Amino acid sequence: MDGDDWRVTISFSDRLEAGRAKVLFPRHRVSGEARRRLGGSIAVGSGDSQVFLYAGSEIAAREAERIAREVLAGQHFRAEFAIDRWHPVEQAWEDPDVPLPRTDAGRRAEHERLMAEETAESVAAGADQWQVRAELPSHREAVALAGKLRAEGQPVIRRWTFLVVPAGNEDEARQLAGQISREAPADATVRAGHAPVYVPFMGW
């Protein structure tokens with residue numbers, strides 16, 4: 001299992017309102033303490049009349065929900081919120097109270113994965129000013145590509161179907177984007193660009 005996937009679902013009255021709300025999040029500044037609770041980056045997706053915030057832990061998801069409520073209240077948006085966790089056995093989003101299967105081997109693998117991801121997020125939050133962002137067609141493909149890139153030594157951050165890989169400079173980012181494009185499914189979206197300075201939300 002490739003880590004935890006958590007999702008905040010924000011439901012609006014219509015698609016236009018959801019689209020207007022989505023662009024607010026990348027502009028919002030957060031405190032250092034809030035950034036710590038967010039645990040790196042939050043990926044932003046959207047549906048017909050919904051905005052989805054994807055996080056790597058329950059703490060990050062609940063912090064993202066708190067920030068989203070604050071941002072939307074400041075702009076007088078009305079919305080409903082829900083938090084779900086991806087259940088790898090059911091292959092579906094479930095209420096966080098639904099227990100996940102745990103074995104000793106699974107717990108050890110998860111611990112090792114968490115340590116690797118924390119290291120990757122520390123690197124990504126450091127001095128690197130460039131990064132490659134990829135959006136995969138499915139969760140399964142994102143997990144597979146993240147695992148492959150990590151095996152190649154890349155410090156990957158994955159949020160649901162979104163991947164971020166830090167790079168030291170523009171040339172390195174573009175070269176890395178080309179490599180990831182070759183390894184990713186044909187319908188994946190891969191971009192090289194500047195890393196956000198203060199925004200915890202990935203802009204797509």
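Here are a few notes on this predicted model, covering a strand group, a helix pair and one histidine.

1. Let's start with strand 3, which spans residues 50–55. Strand 3 is mostly covered, with five of its six residues buried.

2. Strand 3 has strand 1 (residues 6–11) as a partner: the two run antiparallel and are joined by six bridges. If you want a spot to look at, Ser-11 has Gln-50 of strand 3 as its bridge partner.

3. Strand 2 (residues 42–46) also runs antiparallel to strand 3, here with four bridges. Val-44 is bridged to Leu-53 in strand 3. The link from strand 2 to strand 3 is a hairpin of three residues.

4. Now the helices. Helix 5 (residues 139–151) packs with helix 6 (residues 170–183) at about 130°, and their axes are 11 Å apart.

5. Which residues make the contact between helix 5 and helix 6? From helix 5 it's Leu-145, Lys-148 and Leu-149, and from helix 6 it's Gln-179, Ile-180 and Glu-183. By class, that gives three nonpolar, one polar and two charged residues.

6. Last, have a look at His-139, which sits in helix 5. Its relative accessibility is 13%, so His-139 counts as buried, the cut-off being under 20%. Leaving out neighbours within four places in sequence, His-139 is in contact with Asp-5, Trp-86, Arg-158, Trp-160 and Thr-161.

How values were computed: Residues numbered from 1 in each chain as written. Predicted model: local features only at pLDDT ≥ 70, side-chain atom pairs only at ≥ 80, totals over all residues. Heavy atoms only, no water. Axes fitted to C-alpha atoms, helices over the stretch in contact; angles between N-to-C directions. Contact = heavy atoms within 4.5 Å. Nonpolar A, V, L, I, M, F, W, Y, C, P; charged D, E, K, R; others polar. Buried < 20%, exposed > 50% of the residue type's maximum accessible area, 1.4 Å probe, protein only. Pairing = 2+ DSSP bridges.
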